[in-house]
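The sequence and structure are shown first, and the description follows.

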Amino acid sequence: MKADIGLIGLAVMGQNLALNIARKGYSVAVYNRTAERTKKFVEERVKSEKVLPAYSIKELVNSLSRPRKIILMVKAGQAVDDMISELLPYLEKGDLLIDGGNSHFADTDRRLSELAKEGILYLGMGVSGGEYGALHGPSLMPGGTREAYSLVEKILVEIAAKTEDGPCCTYVGDGSAGHFVKMVHNGIEYSIMQAIAEVYDIMRKVMKLSSEKIGEIFERWNREELASFLMEISYKIMSWKDEETGKPLVELILDKAEQKGTGKWSTQVALDLGVPAFSFGASVFARAVSYYKEERQKMAELYKPNMKTAENIAVEDLKKTLSLAYFLSYSQGVWLIHEASKSFKYNVDSLEVLRIWKGGCIIRSKMLDFLRQLLKNSQENITFLNDERARNFVEERLPHAIKVTNLARSSMIPTPSLNACLDYLFSLMTENLPANLIQAQRDFFGAHTFQRIDKPGTFHVEWQPLE
Ligand code: 6PG
């Protein structure tokens, strides 16, 4: 009996995905570079005959039914290329490799074309949901050719998370569309996580609320308009007690945030494509500055920021602010996907993307239903903002967001994501930006020319005599 599918890489995500596949009744051959890990996995976690350990690439490939389908769950970067090189001698035309890691989309495009020359099919698949999602149902974002997708569609749809709007898996689009969409998912993830953290900061520093109390508020919010995975984990974190000290663990965690790169990449590509993903960049920089702990300690000592405690801030203000930040984070992300889809010919259906983000993934939230309604109403409304219902939503929250960010300014509390979300919104709402002065400056020092509002054409002025 040959296995239905193979899986390489038995780190946390790989292990759980393999078990998920087996639980759905498919046989899955698994391989890990170090045999120890495979043995340990089989001993400790495998109870089903559907999981078949292999101890060499050859054994793995030979144990698969044709055309072979192999999911790679190895670290993004060189490890993916190395694994592909190792596999190639054993593969035949028509076999399929699926990269389920957080690969950079440009790498995925390169691999796609290299493998196409060998007749090997390839899918770059975003997988979101962490280890729990991998086991119980992740959100899957596969991209590549439809032909490749059709070979694994059934399995992927079965292992994906389910919502009332169907399984959280769809064919995302051509080329590296799947990895691109997952990368943008992470840009949104960064932006929302940072916004939640900023609201938390105001709650503890200005409102002087305890972690337990903040946890209670977050828990309530999670039952209302902010219902989302990130809100859910945040309230659970707030009430978690450290076993040793009995204190809330969050208060004992060092304020240095790490990053693996996907948030940075989504900002980089937003810069390349000219999409104003303000809060993606701000959230990446927020992580960067968090890293400079010692410098911050010295500066805090030197400047002694004067924290004014504000009298009139309400929990409701923070809730409305955060919900606007969620909305604007999704707005920037969907705009980015839309532009990339045009530039890179991905053919992404953003409505479908919003649907498969409804379950399994890190940015799943109740708000996605509202966003889908807005986009359904007009497919052109890629920022969601160009709609009466969106305007009502924004107008109801904006005064609260202005109040909260003003308060943060006067209390010298950094709120990069919230501010960036608002600057994104305000910029879009502003008919006359001061870019006229920028153009004049560019023309002044570099003869870069400008356009006029009163007549067509391109103009240049000798702002100062050259000689
Ligand atoms: C997901 C997550 C996942 C991972 C990120 C974290 O959707 O399941 O996004 O892919 O947690 O890579 O990224 P950072 O390490 O950059 O925070």
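A cavity is, on a 1 Å grid over the protein atoms alone, a set of points where a 1.4 Å probe fits but cannot get out, and its lining residues have an atom within 4 Å of a point. The model is predicted: local features need pLDDT of at least 70 and side-chain atom pairs pLDDT 80 or more, while totals for chains, interfaces and linings use all residues. Residues are numbered from 1 along each chain as its sequence is written, and side-chain values use heavy atoms, without hydrogens and water.

The largest cavity is lined by Thr321, Leu324, Ala325, Leu328, Ala401, Thr405, Leu418, Cys421 and Leu422. Its volume is about 40 Å³. Helix 14 (315–343), helix 17 (388–410) and helix 18 (416–429) each contribute at least two lining residues, and helix 14 gives the most, with four.

Around the ligand there are 14 residues, of which Ser128, Glu189, Tyr190, Lys260 and Arg287 come nearest; a residue counts as near if one of its heavy atoms lies within 4 Å.

| Residue | Distance to ligand oxygen |
|---|---|
| Ser128 | 2.5 Å |
| Glu189 | 2.7 Å |
| Arg287 | 2.7 Å |

The protein covers 80% of the 420 Å² of accessible area that the ligand has on its own, by the Shrake-Rupley method with a 1.4 Å probe. Helix 8 (residues 177–205) gives the most to the ligand shell, with five residues.

Technical notes. A polar contact is a pair of N or O atoms within 3.5 Å; within protein, one must be able to donate a hydrogen and the other to accept it, and residues adjacent in sequence count only if both atoms are side-chain atoms. On a 1 Å grid over the protein atoms alone, a cavity is a set of points where a 1.4 Å probe fits but cannot get out, and a pocket is an open set with protein on both sides within 12 Å along at least five of seven lines; lining residues have an atom within 4 Å of a point. Grid points are joined across faces, edges and corners, and a volume is the space filled by probe spheres set on the points.
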